[in-house]
Amino acid sequence: MKMMTYAEGIREGMSIRMREDPNVILFGEDVGKFGGCFGVSMGMIDEFGEERVRDTPISEGAIIGCAVGASATGLRPIAELMFCDFLTVGMDQLVNQAAKMRYMFGGKISLPMVVRLPAGAGTGAAAQHSQSLEAWLTHVPGLKVVYPSCAEDALGLMLTAIDDNDPVMYFENKVLLSMKSEVNSFEPIPLGKGKICREGEDLTIITYGKQVYDALEAAEKLAADGISVEVVDLRSLYPLDKELIAESVSKTHHALVVTEEVRRGGFGGEISAIIGEELFDYLDAPVVRIGALDTPVPFAPVLEQYYMPNAQDIINGAKKIL
Amino acid sequence: MAISNEQMKDMYVKMRRIRDFESTAAKLFAEGKIPGFVHLYLGEEAIAPAVCECLRDDDFITSTHRGHGHIIAKGGDLNLMMAELFGRETGYCKGKGGSMHIADRDKGILGANGIVGAGHCIACGAGLSAKIRGTDQVCVCFFGDGSTNQGTFHESLNMASIWKLPVIFVCENNHYGISMSQDRHQAIKDVADRGAAYNIPGVSVDGNDPLAVYEAAQEAVARARAGKGPTLVECKTYRQHGHFEGDPAIYKPKEEQAAWMEKDPMPRYANFLVENGVMTQEEVDAVDAQVAKEIEDAIAFADAQPIPAVETAVVDVYSDIVEEVRDR
């Protein structure tokens with residue numbers, strides 16, 4: 001067992017594969033000498049050199065496009081977008097190229113590439129550096145999407161993402177980067193496998209990323225009121241662990257979906273719809289979604305905190321159901 | 001310029017293949033045999049064969065929505081291309097890509113592309129890959145003048161320049177971005193001028209003369225292979241048809257079209273070969289007959305291929321997920 005920060009988990013996942021395979025490379029804005037805007041790749045340039053830990057110009061289209069071309073021709077690149085908000089600039093390369101090439105070309109080209117996407121609010125970075133845009137990517141056939149919540153998952157999902165033969169979108173939550181947790185396994189974690197973070201009988205909270213911790217806090221408080229909450233961390237948004245959701249909801253008969261994204265058109269809606277369509281007979285109450293305010297992310301700390309869903313919002317959501 | 005007679009003949013064969021493939025595609029499209037859209041390379045045949053004459057089988061190319069010529073020049077299989085245009089299960093892309101998305105990884109063809117300007121970035125990736133893997137492969141990025149106004153053009157030429165990537169940017173300046181003529185869509189006459197912004201060589205050549213294209217491409221490829229970085233090669237040419245088949249091209253002045261038809265690369269190059277004793281007229285005729293047969297065979301092949309089974313629609317979205325995507 002080892003204590004590691006979430007950032008160290010990501011770094012160690014990348015480094016393990018880079019030590020084993022010269023075709024694994026990392027590139028992005030300031031990932032090299034600067035060590036990454038949030039220090040995630042700190043020191044990697046010293047271990048692997050500037051050819052393989054490569055600083056790019058501020059050119060998000062070319063960064064993702066480079067990953068497309070490199071992965072089509074023998075490398076297993078990891079491309080970092082400093083903030084997932086910058087997806088907008090590189091979206092064509094991701095959505096029209098990376099996601100569709102295997103299909104359009106009749107399976108003749110594989111794109112084993114990872115795009116790292118630092119996401120989430122809580123850092124005072126305002127509307128263009130704080131979004132949770134996972135739903136944009138879960139909406140696109142051809143992409144896989146993961147979102148770890150702790151160091152061990154960050155490491156294991158990074159290994160799997162690099163090993164996978166399809167483009168994997170790897171969300172990393174900025175607020176979690178410095179959080180330490182136990183790492184007991186250095187093995188790949190299969191895509192499409194969620195986990196139970198807390199067992200319970202009365203209500204299932206389905207969540208991922210930073211909201212796992214808010215959900216656990218809410219569960220603890222609800223326990224004091226005699227409400228037993230099960231918390232499911234999806235870890236992988238596509239492929240999605242529908243079996244785990246079904247197992248839990250068929251036991252508790254109540255489902256609360258918690259995400260940091262704005263609710264409108266979000267991935268939480270997708271989970272909620274799946275539960276409604278496939279598990280209706282098990283439900284004793286309608287599914288409830290908790291998310292952020294339906295606004296851009298505001299700047300002032302008090303506004304930003306108000307924007308983000310917190311444990312109390314989750315408790316309120318639970319009480320709507322029960 | 002060092003070019004053998006064999007190479008000059010090979011270029012003619014490929015040009016003829018493209019001309020006939022495209023003329024046939026135009027006819028088949030008009031007859032309703034080909035679904036969707038086709039964007040033809042007619043008039044630009046001197047470029048891709050001359051550029052690809054400088055490449056090895058293991059080199060890469062990226063292409064465009066007007067991609068048939070590039071694919072044929074890099075060694076694409078006419079039967080599989082025609083079957084794909086017909087939307088058949090055994091076509092290049094199993095009927096899932098069509099005219100705008102033909103790729104052949106084994107021949108280094110990283111795909112025609114429906115998004116204008118997208119290939120530039122992908123070519124940088126292929127160039128970076130060659131560099132990291134320590135090979136001397138190069139990647140040619142074909143694109144039109146229209147795409148030089150996309151941000152990706154700037155991002156990619158800059159990136160290729162600072163990293164000295166083995167990429168050759170070949171601009172097929174056919175003087176139109178869809179309906180907008182070059183003098184309306186940009187304030188320069190020579191796209192090659194833009195090379196200066198990236199501190200890379202920018203050369204402009206007669207794109208209807210395969211030997212001029214070959215000479216420029218040869219130098220650019222040698223430079224890329226030697227690790228000296230990218231070159232921007234502009235080949236001035238003309239799109240003889242509309243943007244897509246069915247586009248009446250009312251925006252093209254008649255005099256302009258007529259003047260460029262005078263410079264049609266096909267008779268021009270055939271005459272050159274005969275006049276300079278590279279080929280006899282009989283040899284030229286024999287190539288023409290052989291290519292006509294190849295095209296006939298391709299149509300017969302395509303016609304005989306099965307329509308895709310609808311069940312296959314879910315295959316190849318992912319490397320390992322198939323049935324799950326059938327849910328609707």
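How many helices and strands does the secondary structure of chain A come to? I counted 12 helices and 14 strands in chain A, where helices (H or I, at least four residues) and strands (E, at least two) are DSSP runs numbered from the N terminus.

**Entry 1. Conventions**

I note that this is a predicted model, in which local features need pLDDT of at least 70, side-chain atom pairs count only at pLDDT 80 or more, and totals for chains, interfaces and linings use all residues. Residues are numbered from 1 along each chain as its sequence is written, while chains are lettered from A and ligands numbered from 1 in the order in which they are written.

**Entry 2. Confidence**

I looked up the predictor's scores. The complex has an ipTM of 0.96 and a pTM of 0.97. For chain B the average pLDDT (the predictor's confidence in each residue, from 0 to 100) is 97, and 100% of the residues score at least 70.

**Entry 3. Overall build of chain A**

I checked the radius of gyration, taken over C-alpha atoms, against the globule rule of 2.2 Å times the number of residues to the power 0.38. Chain A has 19 Å, close to the 20 Å that the rule gives for 322 residues, so chain A is as compact as a globular protein of that length. Its C-alpha atoms fill a box of roughly 55 × 45 × 40 Å along the principal axes.

Of the 322 residues in chain A, 61% are buried. Two residues are in contact if their C-beta atoms, placed from the backbone, lie within 7 Å. Among contacts in chain A between residues at least 6 apart in sequence, 78% join residues at least 24 apart.

**Entry 4. Overall build of chain B**

Chain B holds 11 helices and 7 strands. The C-alpha box is roughly 50 × 50 × 40 Å along the principal axes. Buried residues make up 54% of chain B. Of the contacts in chain B with a separation of 6 or more, 76% are between residues 24 or more positions apart.

**Entry 5. Helix 2 of chain A**

Which residues of helix 2 (residues 44-52) of chain A are buried? I found A:Met44, A:Ile45, A:Phe48 and A:Arg52. An α-helix has 3.6 residues a turn, so residues three or four places apart point the same way. On the other side of helix 2 of chain A, A:Asp46, A:Gly49 and A:Glu50 are exposed. The cover over the buried residues includes helix 1 (6-20), strand 2 (24-28) and strand 3 (53-55) of chain A.

**Entry 6. Domains of chain A**

Domain 1 (2-183) and domain 2 (195-321) are given for chain A, with bounds from an automatic or database domain assignment. Their C-alpha centres lie 26 Å apart. I find 24 residues of domain 1 in contact with 23 residues of domain 2. On the domain 1 side, the elements giving two or more residues are helix 6 (134-138), strand 6 (144-146), helix 7 (151-163) and strand 7 (168-173) of chain A.

**Entry 7. Contact between the chains**

How many residues does the contact take from chain A and from chain B? It takes 36 residues from chain A and 38 residues from chain B. Helix 3 (60-72), helix 4 (87-98) and helix 5 (101-104) of chain A each give two or more residues to the chain A side. Helix 3 gives the most, with 9 residues.

**Entry 8. Backbone exceptions**

Most residues other than glycine have a negative phi, and most peptide bonds are trans. I recorded a cis peptide bond joining A:Tyr238 and A:Pro239, with omega about 0°. A:Pro239 lies in the loop between strand 12 (236-238) and helix 9 (242-252) of chain A.

In chain B, B:His175 has a positive phi, near 70°, and is found in the loop between strand 3 (167-173) and strand 4 (176-177). B:His175 has 19 C-beta neighbours inside 10 Å and therefore counts as partly exposed. B:Ala249 also has a positive phi, of about 55°.

Technical notes:
A residue is buried if 20 or more other C-beta atoms lie within 10 Å of its own, exposed if 12 or fewer, and partly exposed in between; C-beta atoms are placed from the backbone.
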